[in-house]
Amino acid sequence: MLLTSPAGIATSHALRRRPGADVGGAVFKWLLIGATVFATGFLAVLLAVMIVDGWAVLSGNLWYFLTHGFSQRSAAEAGVWQGIIGSLQVALVTGVFAVPIGVATAIYLVEYAQNSRFARIVELNIRNLAGVPSIVYGLLGLVIFVKALEDFSKGATVIAGGMTLAALVLPIIVITSVEALKAVPDSLREAAYGVGATKWEVLSRQVLPAALSTILTGTVLALARALGEAAPLILVGAATGFLSFGDANVLETFTGPYTALPVLIFNFARLPGADWGVNAAAASVVILVLVLAVNGLAIYLRNRFEKQW
Amino acid sequence: MTSDASVAPAEATPGSPQTRIDVSTAGHHRDDAQTVFECSGVDVYYDDFRALRDVTLEVAEHEVTALIGPSGCGKSTFLRCFNRMNDLIEGARVEGTIHYHGVDLYQDEVDPVEVRRRVGMVFQKPNPFPKSIYDNIAYGPRLTGVKRSELDDVVEGSLTRAALWDEVKDRLKMSAYGLSGGQQQRLCIARAIAVQPDVVLMDEPCSALDPIATGRIEELIAELKTDYTIIIVTHNMQQAARISDMTAFFSVQPNELGHRTGELVEYAPTSLIFTNPDDPRTEAYITGRVG
């Protein structure tokens, strides 16, 4: 045959699969699969270990565990009720302080300061702040919220803890809100300006509603992160020992001693004896469920608000 | 539909090869027409970059003025001067003067929001709000304080004027995103006229549309000019020839530093521009030798 150029007649031989033609691709694919299996497997093992270790509590007296407070006398008498309430209270205070300030900062940076040098520098610094270890925020909280602002926070209270965690998650809320606002197409802003809307009308009726679902998701995820933090709370005075709400009403508990789930886990884990270890594992499962519930709420909110149109 | 002879349906049918040059039916009542915009020595800068140089022209009431020219010649930039849309772009600066019914648009006392309520805009890509069809139209009137009881009438009137009412009257509460591209653009036109502007600016309103939708918009423009003054940027010379009374041809020449500053080459009645242009650059462009 005279025609032998590759682009010539496609014989059945030319089209045949050649073994080993894409070895690199196959290896890469299996590496990716391996990484995925390792990552999820690691999580699954962690979860399984916690459930197995905490099984005695989780299967036996879960209700007692969830509804009773801390006791130093014996592991069997200790529960996580105060931790659950404390964590939720701290998260509430965190949200109250961090969400308005964080979202407002993002709106200013994106919609008002726009691309100015100042905005770029602030944004860069906020991104760096998001990487600061949480223990540093704990020190900051101790100096500022517990000591300097003692008149307001009443010392090492839920309010001081919440404000400390607010400082911790503020950069995360700012960054996700900035991204959400930047994702709103300029054509939407132009359309509103084009019919004679003022800046406030464009923001409040078009831009913010369009960015809301993403902002909400980021905010809730940031609060979930706050729920899991132990180190800064220990520094700003979450109790690691005995504590009682006594007759305090709900408002008073915000300015009283408190604890939080991660702090309780830390506390359980360092007490001697295998039965305390069971409590630590069970409490870990409780906090995981709590965090998962919050994340689920974030997903629900996102779907809810996105589906509108 | 329209009774305007210049846009008889057969001629507006897109895809037909004929290029209608003669727009004499539209008439050139330049002598008795009111001047809406009077631009004098307009320069536009983006920071240090001069995008447009020394534009001087007048726009007459109830006429369609087309701005044509190659990409990057500054015609869209110029269009955005008329409703101070360039204010939104950081670093944009307009020099020279633009008078709107005798008022200097760029003096300090002028509120751009008030300008935009009188000088509406339709954009290149249809950009409805992520809301219902009804709320898209009602958005502007609500801002200007139109009473709730009158909103229904305003919405119906605007949609009717934009030749969309019959297609959407049964689904006003549904998302505007469910409309086709051409319908969305007519919705945007309806939204623009719902605030009862004086002028409607259109920035290549048909560039994202198919020929049939384009034909519809062109019919609509001919209809609307009885009530509004229209300034339209278009890439399509046949379109400019079909729908406009006056045509401004912009061009751009890189200078020795490689900067591309647009300038107005020729501004004349459309029939003249397309049959007997003064400037050789205009002739080269409209005959397809350049651009």
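1. Two residues are in contact here if their C-beta atoms, placed from the backbone, lie within 7 Å. With that in hand, let us look at where the two chains meet: the contact takes 16 residues from chain A and 21 residues from chain B. On the side of chain A that touches chain B, H9 and H10 of chain A are the elements that give two or more residues. H9(A) gives the most to this side, with 6 residues. By class, the side of chain A that touches chain B has 7 nonpolar, 7 polar and 2 charged residues. (Ala, Val, Leu, Ile, Met, Phe, Trp, Tyr, Cys and Pro count as nonpolar, Asp, Glu, Lys and Arg as charged, and the others, Gly among them, as polar.)

2. A word on reading the model: it is a predicted one, in which local features need pLDDT of at least 70 and side-chain atom pairs count only at pLDDT 80 or more, while totals for chains, interfaces and linings use all residues. Residues are numbered from 1 along each chain as its sequence is written, and chains are lettered from A and ligands numbered from 1 in the order in which they are written. Helices (H or I, at least four residues) and strands (E, at least two) are DSSP runs, numbered from the N terminus.

3. Chain A is divided into domain 1 (23-53) and domain 2 (62-306); such bounds come from an automatic or database domain assignment. The C-alpha centres of domain 1 and domain 2 of chain A lie 30 Å apart.

4. Now find helix H9 (residues 186-194) and helix H10 (residues 199-227) of chain A: their axes come within 10 Å and cross at roughly 155 degrees. That makes H9(A) roughly antiparallel to H10(A). Axes are lines fitted to C-alpha atoms, for helices over the stretch in contact, and angles run from 0 to 180 degrees between N-to-C directions. Angles under 35 degrees count as roughly parallel, over 145 as roughly antiparallel, 65 to 115 as roughly perpendicular and the rest as oblique. Leu188(A), Arg189(A), Ala192(A) and Tyr193(A) in H9(A) meet residues of H10(A), including Val202(A) and Ala210(A). The residues of this contact of H9(A) with H10(A) divide into 6 nonpolar, 1 polar and 2 charged.

5. From H5(A), Glu123(A), Ile126(A), Arg127(A) and Leu129(A) meet Pro171(A), Val174(A), Ile175(A) and Val178(A) in H8(A). By class, the contact of H5(A) with H8(A) has 6 nonpolar, no polar and 2 charged residues.

6. Chain B has an open sheet of 10 strands in the order S5-S4-S1-S2-S10-S9-S3-S8-S7-S6, with mixed pairing. Two strands pair if DSSP finds at least two bridges between them. At the edges are strand S5 (103-104) and strand S6 (119-122) of chain B, each pairing on one side only. Helix H7 (residues 181-193) of chain B lies across S6 and strand S7 (199-203) of chain B, running at about 170 degrees to S6(B).

7. Finally, follow strand S4 (residues 92-100) of chain B. Strand S1 (residues 35-46) of chain B pairs with S4(B) in the antiparallel sense over 8 bridges, and Asp43(B) stands opposite Glu95(B) in S4(B). S4(B) is also joined to S5(B) by 2 bridges, and these strands run antiparallel. Here His99(B) stands opposite Asp104(B) in S5(B). S4(B) and S5(B) form a hairpin with 2 residues between them, and His101(B) in the turn has a positive phi of about 45 degrees.
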